[in-house]
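Please look through the model below before reading on. My notes follow as numbered points.

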Amino acid sequence: MPIVTAYEDTPGGHDALVLGVQLARLTGLTAVVATVYPTDGLGYSAVARDPRWRDKAEEVALARFGRARELIGGDALPEFAPLGPGPAATVLAEYAEESGAAVLVVGSTGGGLLGRLAPGSTVHRLLPAARCPVAIAPRGYRHTAAQGITVITVAYDGTPEADRATVLAVHLAGRTGAALRFAVVAATEADVPAATEIAHKGIAQAPTEIDALTDVVVSRPGQSVGATLADLSERTDLLVVGSRGYPTMRRILLGGVAGVLVRSARYPVIVVPAPD
């Protein structure tokens, strides 16, 4: 089960590379850096048959991988996988499924401020298509990444989606030695007792060998659950959230809590998709 990083030689690609290599190193899983062959206005099906285009595409891919090697440094280089041609989101989602990826890592490519997620078009297209968990690195993560992942937070509300997120978070915490934090949002102070009960349901799923704690966070007036989770005051190195799917399609709803987190969290977010 590799950690697959979607890479291009852009700031967002560099952020993804740092997060992907970090996750692979801390979990002991294989790191795979994938880049999708570029296309042009003629359409990838037509140009893929042109050997001149293929040569040029391979040249671009090799240049990207060369830059990736420079950024990673060290002796333990990841595997490199040139993919495509085709739409980047579709090609990456298919490769992640075929390779049995534990997590597919992408970078924020939008125009958000440093330290905020600002997903571009590839991320928006990828999230509904991916069947494996997708990790999104905040813009500028290559400058702010900690040496280790010491606290993994689960956005927990007692739903099946949150339970699926917990399974992945427990797995990552077990491999990295990180503490596991169950964050439950209470709309008002009056809702704290009920939220505390939900938090206890979550922490009961954590193995005894993992340090786990609960954190009930009261939203500010008018603040949504997603906005509250996106800006937690206590330290969080990685936030894991489950997402609902449409009943008849393998798609992730981006309008709910997961969507808000993808757009505005100040730390890496892993979105765990709904099952088929």
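1. Are Tyr156 and Phe182 buried or exposed? Tyr156 is buried, and Phe182 is buried too. Buried means under 20% relative accessible area, exposed over 50%, and partly exposed in between, with a 1.4 Å probe and protein chains only.

2. A word on the basis. This is a predicted model: local features need pLDDT of at least 70, side-chain atom pairs count only at pLDDT 80 or more, and totals for chains, interfaces and linings use all residues. Residues are numbered from 1 along each chain as its sequence is written, and side-chain values use heavy atoms, with hydrogens and water left out.

3. The chain as a whole. The protein chain holds ten helices and ten strands. These are DSSP runs numbered from the N terminus: helices (H or I) have at least four residues, strands (E) at least two. Of the 276 residues in the protein chain, 49% are buried. Among contacts (heavy atoms within 4.5 Å) with a separation of 6 or more, 76% join residues 24 or more positions apart. The chain exposes about 12,700 Å², and carbon and sulfur atoms supply 53% of that. Accessible areas come from the Shrake-Rupley method with a 1.4 Å probe; for residues, only the protein chains shown count as cover.

4. Back to the two rings. One aromatic pair turns up in a search of the whole structure. The ring centres of Tyr156 and Phe182 are 5.7 Å apart and the planes lie at 85°, so the pair is edge-to-face. Rings of Phe, Tyr and Trp (its six-membered ring) pair if their centres lie within 6.5 Å; planes under 30 degrees apart count as stacked, over 60 as edge-to-face and the rest as tilted. Tyr156 sits in the loop between E6 and helix H7 (160-176), Phe182 in strand E7, and the two are 26 residues apart.

5. Strand E6. Thr153 lies in this strand, residues 151-155. Thr153 counts as buried because its relative accessibility is 0%. Its side chain makes a polar contact with the side chain of Thr236 at 2.9 Å. A polar contact is a pair of N or O atoms within 3.5 Å; within protein, one must be able to donate a hydrogen and the other to accept it, and residues adjacent in sequence count only if both atoms are side-chain atoms. Beyond its neighbours within four places in sequence, Thr153 touches several residues, including Arg181, Ala183 and Leu232.

6. Helix H8. Its buried residues are Ala195, Ala199 and Gly202. They cover an arc of only 55° around the axis, which puts them on the same side of H8. The arc is that of the directions from the helix axis to the C-beta atoms. The face turned away carries the exposed residues Pro193 and Glu197. Strand E7 (179-186) and strand E8 (212-218) are among the elements covering the buried residues of H8.

7. Helix H1. This helix, residues 11-27, has 17 residues and reaches 24 Å from first C-alpha to last, close to the 24 Å expected at 1.5 Å a residue. The expected span is 1.5 Å times one less than the number of residues. In H1, 13 of the 17 residues are buried, so the helix is largely enclosed by the rest of the structure. Just after H1, Gly28 takes a positive phi of about 80°.

8. Helix H7. Pro160 is placed in this helix. Pro160 counts as exposed because its relative accessibility is 51%.
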